[in-house]
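Okay, thanks for making time, everyone. I'd like to walk you through one model today, so let me put it up on the screen.

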Amino acid sequence: MRDHTVDDAIAGILRNTLDQALANRDAAEDPNDVEGVHQMRVGLRRLRAAIKFLEREIPSRHLEQFDLKAEQLADTLAPVRNIDALNAQIDAAAKDGGDYGALRQAAASRRRQAHSILKAQLRDPRTTIALSEIAQWVARHGWRDAKPKALDAPARKLAEHALDRLQRKAKKRGKGFRKLSPRGRHKFRIALKELRYAAKLFAPLYPERKTERYLKRVAKLLDGLGAEHDDVMLPATLSSLGSTARAPAARRAVKALLAVRRSGRPALRKQVQKRRRQWKKAAAFW
């Protein structure tokens, strides 16, 4: 891939992200397959991230339409994924003891409802048509109508331009990190995710020894920021369970889970700050 053109890189990036979403579609329909929902959602997020940075480099009227369709499908996956994330937090808290049975039952009931909606959306012919339209456009290199000369340039030219911009954006969003509000930290996390998705997509253009360290540091920082975000979203997720979580045992479990997450917050924040410093010191591989 190191001698590929911009045209080759765009095709590879879009196929890679779309294939991940399509490959996990059947698994996401399975109510017992937690990983299928997660991987399809990640694939759609990667596709959207690719579309967004390609819109700036190779403008195309189709990209905005495809982004909207991918966003709508990802939004349908989100409620199920949020319950799965809650279950992971319950599992972690339960290792130290406590009765979370009633809360697990409430979460299971809510997940069944959310998955029923998701399954109907995945089986809707309009979803198949939307995904097929994107796949056909990628297969015929539909972006060739715009900036045809730029498409013959080395792929690294696109990579360097896109990655420089995304890294500047992430560093700007993370400025004054310790004083950032939860909303500010979330914006930093989203910018960092976009950078990571792009960095992983362009990584094959560069020697592995150069990309590995940088990608690991970004991934670790995102893991920490993701845990922080889960803490912020936890009350809303618990609230969304509705009446099924109002039984006395469920309410006790909710209080216990919130207490566990609060107790671990100082250590998590310290860890995230350390990982952010490590990321900032990491040499860019591009």
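Let's start with a spot check: in which helix is Arg48 found? Arg48 is found in helix 3, residues 34-57. Quick housekeeping before I go on. This is a predicted model, so please keep in mind that local features need pLDDT of at least 70 and side-chain atom pairs count only at pLDDT 80 or more, while totals for chains, interfaces and linings use all residues. Residues are numbered from 1 along each chain as its sequence is written, and side-chain values use heavy atoms, with hydrogens and water left out.

Back to Arg48. At 19% relative accessibility, Arg48 counts as buried; buried means under 20% relative accessible area, exposed over 50%, and partly exposed in between, with a 1.4 Å probe and protein chains only. Skipping neighbours within four places in sequence, Arg48 is in contact with Asp67, Ala70 and Glu71, where contact means heavy atoms within 4.5 Å.

Now the overall picture. Helices here are DSSP runs of H or I with at least four residues, strands are E runs of at least two, and the numbering goes from the N terminus. For size, a compact globule with 286 residues would have a radius of gyration near 19 Å, and the protein has 21 Å, which agrees. That radius is taken over C-alpha atoms, and the globule rule is 2.2 Å times the number of residues to the power 0.38. Along the principal axes, the C-alpha atoms fill a box of roughly 65 × 50 × 30 Å. Of the 286 residues, 48% count as buried. And if you take contacts with a separation of 6 or more, 81% of them are between residues 24 or more positions apart.

On to the rings. The structure holds nine aromatic pairs. Rings of Phe, Tyr and Trp (its six-membered ring) pair if their centres lie within 6.5 Å; planes under 30 degrees apart are stacked, over 60 edge-to-face, and the rest tilted. Take Trp137 and Trp143: the centres are 5.4 Å apart and the planes at 70°, so that pair is edge-to-face. Trp137 and Trp143 are both buried. Tyr214 and Phe285 are edge-to-face as well, because their centres are 5.7 Å apart and their planes at 75°. That pair links distant parts of the chain, with Tyr214 in helix 9 (208-239) and Phe285 in the segment after helix 11 (265-281), 71 residues apart. Tyr214 is buried at 1% relative accessible area, and Phe285 is buried at 5%. Ring pairs also link Tyr206, Tyr214, Phe285 and Trp286 into a cluster.

Last stop, two histidines. Where is His141 found? His141 is in the loop between helix 6 (125-139) and helix 7 (155-173). His141 has a positive phi of about 55° although it is not a glycine, and it is buried, with a relative accessible area of 12%.

Then there's His115, in helix 5, residues 101-123. His115 is buried too, at 4% relative accessible area. Not counting residues up to four places away in sequence, His115 touches Ala28, Glu29, Asp30, Pro31 and Val80. By contrast, His115 and Ile134 are 19 residues apart in sequence and 25 Å apart in space, C-alpha to C-alpha.
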